[in-house]
Amino acid sequence: MSTLDATALEIESLVNDWRSRLHQLDPGVAHSRPDPDRWSISEVIGHLIDSACNNHQRFVRAQFCEELVFPKYEQAEWVEASDYQSFPWESLIELWFHYNLQIAHLIRNIPDSKLSTPCTITPYETCTLGFLATDYLVHLQHHFKILADRILA
């Protein structure tokens, strides 16, 4: 199994597991902020949708150019603009779930010949498309470890 196949499989496993966990949360709990300066669970899920959106473009665009240069994802501004606090909780979960299944499908289909495409997300260091694809999973795992600790606390 290739690294990208394993990455896609792990994304699918993570989102399938967390979909059911998230549906068990009361919407009031999901929309409440633990502190005024910290995101609610719904805002974290919204952030992960925004991340999927930005990475979707990166993963596709990098396959059709010699080098990708892409703007930084301004996560706080995206979350604020989207107002995930007022988005229906069940719909938010399903959007996140299905978008990540699409991302897993996309990652699984990146040609090996494109994995070394240089990608610069300004102002960060240049990396490869292969790194961006595997790092997407690391990012999801990071947020769900924090959410698990928060939900179980």
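User: Leaving aside neighbours within four places in sequence, which residues is Ile45 in contact with?

Analyst: Ile45 is in contact with Leu22, Trp89, Leu92, Trp96, Phe144 and Leu147. Contact means heavy atoms within 4.5 Å. Bear in mind that this is a predicted model: local features need pLDDT of at least 70, side-chain atom pairs count only at pLDDT 80 or more, and totals for chains, interfaces and linings use all residues. Residues are numbered from 1 along each chain as its sequence is written, and side-chain values use heavy atoms, with hydrogens and water left out.

User: Which residues have the most contacts inside the largest nonpolar core?

Analyst: Those are Leu22, Ile45, Phe59, Trp89, Trp96 and Phe144, in a core of 44 residues. A nonpolar core here is a set of buried Ala, Val, Leu, Ile, Met, Phe, Trp, Tyr and Cys residues joined through side-chain atoms within 4.5 Å. Buried means under 20% relative accessible area, exposed over 50%, and partly exposed in between, with a 1.4 Å probe and protein chains only.

User: Which elements each supply at least two residues of that core?

Analyst: Helix 1 (3–23), helix 3 (41–61), strand 1 (68–70), helix 5 (89–108), strand 2 (118–121) and helix 6 (129–152) each do. Helix 5 gives the most, with ten residues. In soluble globular proteins, nonpolar side chains tend to be buried together.

User: What does Tyr99 touch, not counting residues up to four places away?

Analyst: Tyr99 sits in helix 5 and touches Ile49, Ala52, Cys53 and His56. Its C-alpha atom is separated by 16 Å from that of Ser20, 79 residues apart along the chain.

User: Switching to the backbone. Which peptide bond is cis?

Analyst: The bond from Thr122 to Pro123 is cis, with omega near 10°. Pro123 lies in the loop between strand 2 and strand 3 (127–128).

User: And what is the phi of Asp83?

Analyst: Asp83 has a positive phi of about 45°, although it is not a glycine. It is found in the loop between helix 4 (75–82) and helix 5, and is partly exposed at 39% relative accessible area.

User: Is Cys127 buried or exposed?

Analyst: Cys127 counts as buried, at 17% relative accessibility. It belongs to strand 3. Leaving aside neighbours within four places in sequence, Cys127 is in contact with Thr117, Pro118, Cys119 and Leu132. Cys127 and Thr117 are 8.3 Å apart, C-alpha to C-alpha.

User: Now the whole chain. How many helices and strands does it have?

Analyst: The protein chain has six helices and three strands, running α-α-α-β-α-α-β-β-α from the N terminus on. Helices (H or I, at least four residues) and strands (E, at least two) are DSSP runs, numbered from the N terminus. The radius of gyration is 16 Å, close to the 15 Å that the globule rule gives for 153 residues, so the chain is as compact as a globular protein of that length. That radius is taken over C-alpha atoms, and the rule is 2.2 Å times the number of residues to the power 0.38.

User: What fraction of the residues is buried?

Analyst: Of the 153 residues, 42% count as buried. Along its principal axes, the C-alpha trace spans about 45 × 35 × 25 Å.
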